[in-house]
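Open the model in your viewer and keep the selection tool at hand. We will walk through it stop by stop, starting with the ligand.

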Amino acid sequence: MKKRISILGSTGSIGRQTLEVVDRFPEKFEVVALAAGSNVDEIVRQSLKYKPKLVSIGKPEDVQKIKPLVSEETIVRFGIEGMVEAAVLEEVDVVVTSVTGTLGLLPTIEAIKAGKDIALANKETLVAAGDLVMALVKEKGVKIFPVDSEHSAIFQSLNGEKRPDVNKLILTASGGPFRNKSSKELINIRPEDALRHPNWSMGRKITIDSATLMNKGLEVIEARWLFGIDFQKIDVVIHPQSIIHSMVEFVDGSVIGQMGLPDMKLPIQYALSYPDRWENGFPKLDLLQIGKLTFERPRTEVFPALPLAFEAGRLGGTMPAVMNAANEIAVELFLAGHIGFVKIVELIENVMGKHTLIKVPDLNGILESDRWAREETKRLSGIKL
Ligand SMILES: NC(=O)c1ccc[n+]([C@@H]2O[C@H](COP(=O)([O-])OP(=O)(O)OC[C@H]3O[C@@H](n4cnc5c(N)ncnc54)[C@H](OP(=O)(O)O)[C@@H]3O)[C@@H](O)[C@H]2O)c1
């Protein structure tokens with residue numbers, strides 16, 4: 001039986017690599033639905049190749065550009081409703097959530113409600129609404145397979161283990177392009193410097209998040225929800241080679257981790273093949289060529305996004321959603337050249353400081369806090385977007 005998949009964000013870095021995995025195993029997958037934002041050419045190319053039942057694009061005006069170019073049998077939709085439709089189609093077994101930002105939240109929730117398993121790349125969904133989403137996952141009896149390499153590593157390290165035996169999770173971080181820079185040196189960083197990640201080729205937003213270490217902060221919160229573990233049992237270590245993707249320390253002192261080349265196709269494939277492993281012909285890890293694996297303490301005094309994310313996570317309620325939304329806008333402002341690199345985290349901290357926390361929010365409370373944080377970040381920046 002082929003696994004029938006829907007990919008939300010099929011034109012992005014994770015979306016395209018998911019399709020590369022599909023290409024490697026055509027006998028194992030059927031692509032049923034694809035959703036993208038603005039890349040009309042790419043979604044048309046993908047539609048012609050994979051012949052999905054439905055494609056969705058961000059804006060209504062693009063529907064008329066796509067329709068004449070794809071098969072008459074392909075349904076073309078747009079906007080968030082289109083993305084939700086792509087996620088809940090009856091034929092879909094698993095939804096790969098690879099859009100960026102809280103944009104992924106509603107389609108993921110609807111997919112879970114419709115009983116779909118999730119291959120989760122969109123970490124912002126669990127950051128903003130981890131409590132609600134995981135409760136829904138439990139209620140509907142669906143599975144979440146992590147795509148993020150760190151969470152895939154932890155997921156793999158926990159295979160066959162008992163949860164009470166876990167002492168702590170150790171998330172590794174490459175440290176990003178500015179690992180050795182001083183606070184002073186960060187002041188003049190330009191977007192093109194921050195977009196040059198040493199180990200991973202990724203979308204623009206996550207690449208900036210990796211440079212500020214906010215990405216690791218988001219991953220800490222993601223791990224808290226995925227694995228149901230308290231924040232005090234989550235550690236972060238800098239591991240510049242990105243070979244050990246993360247580890248679990250058990251009560252007896254054993255540490256189990258997962259290693260591999262820094263290639264997102266591996267965790268994507270495992271999220272879709274679990275519990276099986278498939279020979280894929282991708283390059284294999286050569287430890288002699290790597291030579292040495294090193295570890296460092298994160299310099300939180302230079303990269304305050306990491307302790308800020310721990311703080312947002314510990315406060316809970318609407319605070320992680322606020323931090324995440326403020327980060328999305330601040331990164332946009334930085335990429336557009338409106339604010340400096342250091343200002344990203346300053347803005348987020350200021351917005352968090354002004355937020356009136358809702359301790360146990362419902363979905364509306366989360367969405368409203370997200371909306372408020374976006375407005376507040378723009379207002380505090382003094383820039384009109
Ligand atoms: N890249 C990685 O290596 C990596 C690793 C771990 C986790 N992740 C996570 O995976 C997610 C995606 O990251 P990425 O690097 O793949 O991002 P990306 O390359 O920027 O891709 C984002 C995708 O979202 C789509 N999109 C944007 N606006 C949309 C809209 N309004 N409606 C529908 N689709 C929309 C984009 O479509 P268009 O391009 O057509 O506009 C694109 O397909 C993020 O949450 C990230 O944190 C990524």
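**Stop 1: around the ligand**

Select the shell around the ligand: its residues divide into eleven nonpolar, 14 polar and five charged. In this count, Ala, Val, Leu, Ile, Met, Phe, Trp, Tyr, Cys and Pro are nonpolar, Asp, Glu, Lys and Arg are charged, and the others, Gly among them, are polar. A word on the model itself: it is predicted, so local features need pLDDT of at least 70 and side-chain atom pairs count only at pLDDT 80 or more, while totals for chains, interfaces and linings use all residues. To select by number, count from 1 along each chain as its sequence is written.

Which residues come nearest to the ligand? Of the 30 around it, they are Gly12, Gly37, Asn39, Met202 and Gly203. A residue belongs here if its C-beta atom, placed from the backbone, lies within 6 Å of the molecule.

Now colour helix H1 (13–24), helix H6 (123–140) and helix H10 (204–212), each of which supplies at least two residues of this shell. Helices (H or I, at least four residues) and strands (E, at least two) are DSSP runs, numbered from the N terminus.

**Stop 2: the domains**

Zoom out and colour by domain: domain 1 is 3–142, domain 2 is 148–263 + 289–311, and domain 3 is 316–385. These bounds come from an automatic or database domain assignment. Why does the ligand lie between domain 1 and domain 2? Both domains give residues to its shell, so the ligand lies between them.

The C-alpha centres of domain 1 and domain 2 are 27 Å apart. Where they touch, eleven residues of domain 1 are in contact with twelve of domain 2, contact meaning C-beta atoms, placed from the backbone, within 7 Å. Select H6 again: with six residues, this helix gives the most to the side of domain 1 that touches domain 2. By class, that side has four nonpolar, five polar and two charged residues.

**Stop 3: the seven-stranded sheet**

Next, show the open sheet with the order S4-S3-S2-S1-S5-S6-S7, where the pairing is parallel. Two strands pair if DSSP finds at least two bridges between them. Look to the edges for strand S4 (75–78) and strand S7 (144–146), each of which pairs on one side only. On average, neighbouring strands of this sheet are turned by 25° against each other, direction ignored. Axes are lines fitted to C-alpha atoms, for helices over the stretch in contact, and angles run from 0 to 180 degrees between N-to-C directions.

Pick strand S6 (117–120), which pairs with S7 in the parallel sense over three bridges. Click isoleucine 118 and then its bridge partner in S7, isoleucine 144.

**Stop 4: the four-stranded sheet**

Move on to the open sheet of four strands, in the order S9-S8-S10-S11 and with mixed pairing. Its edge strands are S9 (234–238) and S11 (255–259), each pairing on one side only. Here neighbouring strands are turned by 20° against each other on average, direction ignored.

Strand S8 (166–173) runs parallel to S9, and the two pair over five bridges. Leucine 169 has isoleucine 234 in S9 as its bridge partner.

Helix H7 (149–157) lies across S8, strand S10 (244–250) and S11, at about 40° to S10. Helix H11 (214–227) packs on the sheet and touches S8 and S9, its direction making about 150° with that of S8.

**Stop 5: two backbone details**

Most residues other than glycine have a negative phi, and most peptide bonds are trans. Leucine 213, in the loop between H10 and H11, has a positive phi of about 75° although it is not a glycine.

Finish at proline 275, in the loop between helix H12 (265–273) and helix H13 (287–290). The peptide bond leading from tyrosine 274 to proline 275 is cis, with omega near 5°.

Notes: Two residues are in contact if their C-beta atoms, placed from the backbone, lie within 7 Å.
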